[in-house]
Amino acid sequence: VQQVELVQTHISWVLLAGEFAYKIKKPLKLPFLDFSTLAQRHAACLDELRLNRRFAPDIYLDVTSIVGTPQNPRFDGQDTPIEYAVRMRRFEEAGRLDRVCARGELQPGHLSNLADTLAGFHENAAVAPAESRFGLPEKIAKPALDNFHDLALLLPYPGMQVRLNAVRAWTEAQLAQLAPLMQARKLAGRVRECHGDLHLANLVLIDQRVRMFDCIEFNEDLRWIDVASEVAFTYMDLLAHEKPGLANWFVNEVWSRSGDYEAARLLRFYAVYRAMVRAKVMAIQSTQTHSKALAYIALAEDLMAP
């Protein structure tokens with residue numbers, strides 16, 4: 001191709017080249033993932049392909065090897081691989097739901113379509129075994145509480161510790177109150193192998209259908225979750241994009257299809273947790289301003305209020 005564009009996340013490099021995109025894992029070791037060896041990155045690429053093909057087989061094509069040398073790399077040669085990439089079919093970036101929303105073009109019908117897709121996906125997703133660790137209240141608590149430690153280090157502003165302590169105290173109280181319901185939902189099969197990262201930037205409008213992509217492949221504990229946590233992520237991000245009407249529409253549409261109205265009792269807890277997750281991601285990614293991270297923390301504080 002004539003031009004290749006590089007897009008970076010905090011854990012990947014993505015090469016946009018003609019019809020295709022090539023996603024390469026960065027050689028990182030973080031508290032929530034380990035890509036430090038070539039074998040681990042290859043395994044993660046294979047997991048990413050398998051998991052995303054559940055709902056986007058036309059986008060996720062294959063895993064390709066990179067051979068040669070770092071100075072002269074080549075795709076798909078017969079030599080020993082020096083790296084691996086997930087090969088994807090490109091779509092128009094303008095179709096990402098965060099961008100559609102920013103242009104004021106996101107419609108209730110789009111979210112009804114997403115509700116159809118998500119309810120069907122959850123219905124068919126693998127169920128966490130009763131004896132597994134997934135979905136246990138103490139396992140739900142750990143990533144939720146870890147966020148506060150990480151954010152205190154990332155956002156050392158006057159008064160921030162007081163605000164984080166308030167959200168943490170609310171979170172701990174909710175965990176104590178909701179633990180029996182969380183346990184019951186685990187036994188009822190509501191903990192499934194979900195997408196795990198369903199905010200607006202991981203949804204795309206293609207031919208007027210909302211498609212999911214870029215699920216979590218690197219951490220089982222962040223993927224095997226209560227379906228209520230998945231719904232709450234999209235709900236929270238619609239609120240963050242100042243679309244409360246669409247947020248409520250989406251929740252109504254999902255639950256009218258799944259019948260999972262019991263999840264309403266968990267919505268605020270999971271929405272606050274997801275807001276703090278996005279705050280942490282924004283704080284990690286930002287090099288100049290933490291305004292987006294602070295906005296997600298403010299949203300979490302709003303969600304705590306009755």
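The second largest pocket holds about 190 Å³ of space, where a pocket is an open set of points on a 1 Å grid over the protein atoms alone, fitting a 1.4 Å probe and having protein on both sides within 12 Å along at least five of seven lines, and where a volume is the space filled by probe spheres set on the points. The model is predicted, so local features need pLDDT of at least 70 and side-chain atom pairs count only at pLDDT 80 or more, whereas totals for chains, interfaces and linings use all residues. Residues are numbered from 1 along each chain as its sequence is written, and side-chain values use heavy atoms, with hydrogens and water left out.

**Pocket lining**

- The second largest pocket is lined by 16 residues, of which His122, Glu123, Arg190, Val227 and Ser258 lie nearest its centre; lining residues have an atom within 4 Å of a point.
- H3, helix H7 (227–240) and helix H8 (244–258) each supply at least two residues of this lining, and the largest share, 4 residues, comes from H8; helices here are DSSP runs (H or I) of at least four residues, and strands (E) of at least two.

**Aromatic contacts**

- The whole structure contains 7 aromatic pairs, meaning rings of Phe, Tyr and Trp (its six-membered ring) with centres within 6.5 Å, where planes under 30 degrees apart count as stacked, over 60 as edge-to-face and the rest as tilted.
- Phe55 and Phe121 form an edge-to-face pair, 5.3 Å centre to centre with 85° between the planes.
- Because Phe55 lies in the loop between helix H1 (38–52) and strand S6 (60–69) and Phe121 in helix H3 (residues 108–124), the pair ties together parts that are 66 residues apart in sequence.
- Both Phe55 and Phe121 are buried, with buried meaning under 20% relative accessible area, exposed over 50% and partly exposed in between (1.4 Å probe, protein chains only).

**Salt bridges**

- The count comes to 27 salt bridges, each a side-chain nitrogen of Lys or Arg within 4 Å of a carboxyl oxygen of Asp or Glu.
- Asp98 and Arg96 meet through their side chains at 2.7 Å, N to O; Asp98 is buried at 16% relative accessibility, and Arg96 is buried at 17%.
- Arg133 forms a salt bridge with Glu220, the closest N and O atoms being 3.6 Å apart, and this pair links distant parts of the chain, with Arg133 in the loop between H3 and helix H4 (137–154) and Glu220 in helix H6 (residues 220–223), 87 residues apart.
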